[in-house]
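Subject: Structure handover and notes

Dear colleague,

Please find the structure below, followed by my notes on what was found in it. I would be glad if you could read the two side by side.

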Protein chains: 2
Amino acid sequence: MDEMFSIGVDLGGTNLRIASYAGGVDFLDTILVPTRLAEGRERVVRDMCEAIQALATKDYGSRRLTGIGIGTPGPLELPEGILRNPPNLPGWDGFDLRQAIESTLGRSVEIDGDANVAALAEQKFGAGQTHNVKSLCMLTLGTGVGNGLILNEHIWHGSTGMGGEGGHIIVQDVDGAACGCGGFGCLEQYASAPAIVRMAHELMGSAAPATSHDIALLAAEGDPQCRLIFEKVGHALAIALTGLINTLNLPLYIIGGGVCEAWDLFAPVMFRELQLRSYVYRLTAPEILQPTQLERHKTYILGAQLGPSAGLLGACLLPLQQKSGSSQLLEDPLVHQ
Amino acid sequence: MDEMFSIGVDLGGTNLRIASYAGGVDFLDTILVPTRLAEGRERVVRDMCEAIQALATKDYGSRRLTGIGIGTPGPLELPEGILRNPPNLPGWDGFDLRQAIESTLGRSVEIDGDANVAALAEQKFGAGQTHNVKSLCMLTLGTGVGNGLILNEHIWHGSTGMGGEGGHIIVQDVDGAACGCGGFGCLEQYASAPAIVRMAHELMGSAAPATSHDIALLAAEGDPQCRLIFEKVGHALAIALTGLINTLNLPLYIIGGGVCEAWDLFAPVMFRELQLRSYVYRLTAPEILQPTQLERHKTYILGAQLGPSAGLLGACLLPLQQKSGSSQLLEDPLVHQ
């Protein structure tokens, strides 16, 4: 049997990252190009497909291309692969991304939400692998709050592909901040990088630092107002996690994204509030919050392990996930092909 | 092959209901005895086991007993079957219910949370069967707010059996009412029968009716304060359902329990708020809320179909669910036996 490789794409609002992959956590080759949103979605798809073709035709010895995976900002309607009013891809509402890519490439692709594939990568090669956990929930605190749900080693898509939108759990019922999703009071408005900047402005006016990174630096130096912002982040995370933990009772919740640099600033309030708010957490809270080995019957909340490449790695894993049974990875013919 | 029957127990805070069962929605025989909590948990277990024995030794022709299922108030730690500080069974904290029953009966039993088994029954023989839906989330608005999650035809237990505690999703962050779970602001404090009575007292003082049923009657007659109470119920349900819908994206959410008699009082606000709050709901909301046939790619919120017997029916189904493949129901030998 020939060896295989896959190609993955991480479609971001700023950059397109494309990689070839043959297992493990490293890529064979990667390509980085800007996402030229201003030139229209067809241009972005063409750029993407050119990079895919460049990797597809590379010489990897006896390795044969087994499939192509695309991670995209959502909401994404599955199995069709149609974008529904995606906040980070303005003008792409109703765009049949799968069809556009497949007709350009002349072959089928696997497509999924960017937070879903990042969670898949964390389960296969990050915290899930380290701790031997088959089900986990990942929250990514970045420009938005992404969420991916892995149940029994598979992405939980829900009935239309829109499962794992936990960034839009309501954490503030009254006077909640307006959210890009059209709702208000969503977790995303209290735990993303732009939310941290907004909360700092609300509290400090023009004296507020311009980035969440700078706010975190000031907080780490002891600035009481900046510290308060991250306590609000921890509080909001606890409200959302209470719902997730009480409903799903998973062994592991992972928090990733750039805001995690401020873990020490938001985590103490998060854990304290979880003890107060979630009785499932209280019944299953571990004595050691960050152990080297997880205990059975406990609930853990840990930082992500893979960093920003999780999304690209997950996209590469996507075509390998459509088959049943992990032993068949890299061996089966591509579904739909 | 001989035909089979199972025995189910619905362990409630007031009554013990025990039934023999051979398929469909009807029971062979049922026994109702009071739950003598005041006389101690051993007495309750003895009463339960005597009733089970009475049904186990009945003459059902060629039918052979295939297993015994127990639905109990939770939280229940699984697979052990140990109760963890159950609010509706005072004094039962740490009680190994499975072991107590199994040692009394001299045989193994299947044990699960009461809301979980009710949801299972609704999926197999209620709204799930009517509409051919394999995954659903059920909320039961009664003395508390029970929750059961059925994913791909199986109860989602989570890692310690405490999945499906969605009654304790936080719907009011600030000044939330204290909950029996130890937290505050939980859905249960805004959508259960006692919560309706409490909210009426907060609003109307001593003029408030004494039961949620009477408050519903007054609201139906147009009393503005009583109507407001049920608008709060609808609002709280929308906040919790927003989290569930955005995270799980299931095709069907079922609301059951006695408070559902007031469906017409709380549902309009619930649906209106869901449109505002949950973008996954907004993208998938059906045009006809209560159709005879569900559309693909839509999210439905319907009333439960089975009524108060769902828990007992689900307990009877429990021993038939441990095998893989529904075609093997009533045929396989009991697991663990």
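Two strands are taken to pair if DSSP finds at least two bridges between them, and the elements themselves are DSSP runs numbered from the N terminus, with helices being H or I of at least four residues and strands being E of at least two. On that basis, β1 (residues 4–11) and β4 (residues 64–72) of chain B pair in the parallel sense over 7 bridges, and within β4(B) it is R64(B) that stands opposite M4(B).

The model is a predicted one, in which local features need pLDDT of at least 70 and side-chain atom pairs count only at pLDDT 80 or more, whereas totals for chains, interfaces and linings use all residues. Residues are numbered from 1 along each chain as its sequence is written, while chains are lettered from A and ligands numbered from 1 in the order in which they are written.

Both strands belong to an open sheet of 5 strands in chain B, with the order β3-β2-β1-β4-β7 and mixed pairing. Its edges are β3 (29–34) and β7 (110–113) of chain B, each with a single partner strand, so one side of each is left without a neighbour in the sheet.

As for the two chains, 40 residues of chain B are in contact with 40 residues of chain A, contact meaning that the C-beta atoms, placed from the backbone, lie within 7 Å. On the chain B side, the largest share, 7 residues, comes from α8(B).

With best regards
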